[in-house]
Amino acid sequence: MSKGFAENRTDVTMSELVAEPRPKPAVPMKPLGISSNLLGYIGIDTIIEQMRKKTMKTGFDFNIMVVGQSGLGKSTLINTLFKSQVSRKSASWNREEKIPKTVEIKAIGHVIEEGGVKMKLTVIDTPGFGDQINNENCWEPIEKYINEQYEKFLKEEVNIARKKRIPDTRVHCCLYFISPTGHSLRPLDLEFMKHLSKVVNIVPIIAKADTMTLEEKMEFKQRVRKELEVNGIEFYPQKEFDEDLEDKTENDKIRQESMPFAVVGSDKEYQVNGKRVLGRKTPWGIIEVENLTHCEFALLRDFVIRTHLQDLKEVTHNIHYETYRARRLNDNGGLPPGEGVLPPAPASPCPATIAE
Ligand SMILES: Nc1nc2c(ncn2[C@@H]2O[C@H](COP(=O)(O)OP(=O)(O)O)[C@@H](O)[C@H]2O)c(=O)[nH]1
Ligand SMILES: [Mg+2]
């Protein structure tokens with residue numbers, strides 16, 4: 001009979017290179033006291049080049065989800081994040097689309113190549129979220145979708161004849177769009193983040209930041225941070241998963257100053273000082289999307305793509321998926337799971353009720 005997990009596998013997949021559950025360090029890690037003086041060059045450092053070559057060959061998956069009321073600029077921001085390459089291919093992102101009666105989940109795949117590296121990008125849109133009069137439990141289909149992807153991965157993993165490379169459809173990052181009201185978070189925002197932050201990496205962002213003045217924006221950001229803290233909502237990057245002092249210093253800055261990123265999206269270019277820049281035309285002039293003195297889009301892009309993309313994937317695999325997998329196998333007495341997906345994990349009740 002199958003043991004579920006083969007023990008002597010040599011076909012290590014990319015995601016397995018990071019499969020060790022990460023310990024939660026109580027104290028920052030220090031280098032070991034023993035230093036080995038090598039008598040000659042061995043070539044250990046070539047591993048970096050070897051990994052680079054492998055990644056160039058296989059490419060990598062990145063799955064990003066956007067959640068928020070319609071009209072908050074989700075599609076526009078995704079197009080801005082990945083430049084025109086994503087928008088050109090997707091004919092189905094029609095801004096005039098009618099608001100669906102329930103939350104729909106639409107995943108669209110693209111292959112983006114830059115510098116010889118291929119990224120298989122999947123954008124998961126959730127039209128209809130928060131658009132109804134009664135938005136009670138409208139996070140449920142989203143949680144279900146996320147769990148279904150974990151389930152798919154788990155099924156592949158426990159197969160006797162495993163694929164060499166399991167297709168990864170798990171959601172690595174969920175951008176949650178907060179409406180730029182300047183007041184406070186809506187009960188629905190709290191409810192969503194409270195439930196979903198346990199199963200996926202949530203990055204909260206303030207949408208359409210150009211509709212607020214600088215002071216309003218700063219005040220709103222502070223208020224949102226405070227409300228998230230008061231409600232015990234942890235967003236990505238979670239403190240407990242910082243691996244060392246360097247991580248902690250870098251992530252503390254993001255948690256305390258940048259979050260939630262107040263962003264502006266646009267796929268239109270304008271001429272500013274002789275250069276073509278992405279921007280939005282307003283009565284006060286052009287808001288430049290990538291200009292840090294105008295908005296925090298560039299910070300968000302650097303965070304999600306340039307500094308934390310690999311970590312988003314690792315936390316998804318080592319923390320969120322691992323939690324799902326452990327619950328699933330546990331419920332089944334350690335045996336490979338049968339049909340079905342786990343029901344949502346019980347969450348502590350949210351202080352606010354939702355009926356907007
Ligand atoms: N002022 C402002 N308008 C935006 C921004 N992003 C998108 N929009 C506009 O808002 C409308 C809805 O955008 P869309 O991306 O379709 O929103 P979605 O329904 O959340 O996907 C469009 O007319 C966009 O041009 C932004 O950052 N600021
Ligand atoms: Mg849209």
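Biologist: Before we start, what does buried mean here, under what relative accessible area?

Modeller: Happy to begin there. Residues are sorted by relative accessible area, with exposed being over 50% and partly exposed in between. Buried means under 20%.

Biologist: Thanks! With that in hand, what percentage of the residues in the chain is buried?

Modeller: Keep in mind that this is a predicted model. The chain has 356 residues, and the buried part of them comes to 45%.

Biologist: How many helices and strands are there in the chain, and what share of the contacts between residues at least 6 apart in sequence joins residues at least 24 apart?

Modeller: The chain holds 9 helices and 9 strands. Among contacts between residues at least 6 apart in sequence, the share joining residues at least 24 apart is 72%.

Biologist: Let's turn to Lys 74. Which side chain of opposite charge is nearest to Lys 74, and how far away is it?

Modeller: Lys 74 lies in helix α2, residues 74-81. This lysine is buried yet has no salt bridge. A salt bridge needs a side-chain nitrogen of Lys or Arg within 4 Å of a carboxyl oxygen of Asp or Glu. The nearest side chain of opposite charge is Asp 125, at 5.0 Å.

Biologist: And which residues does Lys 74 touch, not counting those up to four places away in sequence?

Modeller: Asp 125 is among them, along with Phe 177.

Biologist: Is Ser 70 buried, partly exposed or exposed, and why?

Modeller: Ser 70 sits in the loop between β1 (60-67) and α2. Its C-alpha is 9.1 Å from that of Thr 126, although the two are 56 residues apart in sequence. Because its relative accessibility is 37%, Ser 70 counts as partly exposed.

Biologist: Now for the surface. Which residues form the positive surface patch that includes Lys 164?

Modeller: Lys 164 is in the loop between α4 (140-158) and β4 (173-178). Lys 164 counts as exposed because its relative accessibility is 64%. The patch is formed by Lys 164 together with Lys 53, Lys 54 and Lys 57.

Biologist: What is the area of the nonpolar surface patch that Leu 38, Ile 42 and Ile 44 make?

Modeller: Ile 44 belongs to the segment before α1 (47-58). With 56% relative accessibility, Ile 44 counts as exposed. The patch that Ile 44 makes with Leu 38 and Ile 42 covers about 330 Å².

Note on methods: Residues are numbered from 1 along each chain as its sequence is written. Chains are lettered from A and ligands numbered from 1 in the order in which they are written. This is a predicted model: local features need pLDDT of at least 70, side-chain atom pairs count only at pLDDT 80 or more; totals for chains, interfaces and linings use all residues. Side-chain values use heavy atoms; hydrogens and water are left out. Patches are made of residues with over 30% relative accessible area and no salt bridge: like charges are joined within 9 Å, nonpolar side chains (Val, Leu, Ile, Met, Phe, Trp, Tyr) within 5 Å. Accessible areas come from the Shrake-Rupley method with a 1.4 Å probe; for residues, only the protein chains shown count as cover. Lys and Arg count as positive and Asp and Glu as negative; His and the chain ends are not counted. The place of a charge is taken as NZ of Lys, CZ of Arg, CG of Asp or CD of Glu. Helices (H or I, at least four residues) and strands (E, at least two) are DSSP runs, numbered from the N terminus. Buried means under 20% relative accessible area, exposed over 50%, partly exposed in between (1.4 Å probe, protein chains only). Contact means heavy atoms within 4.5 Å.
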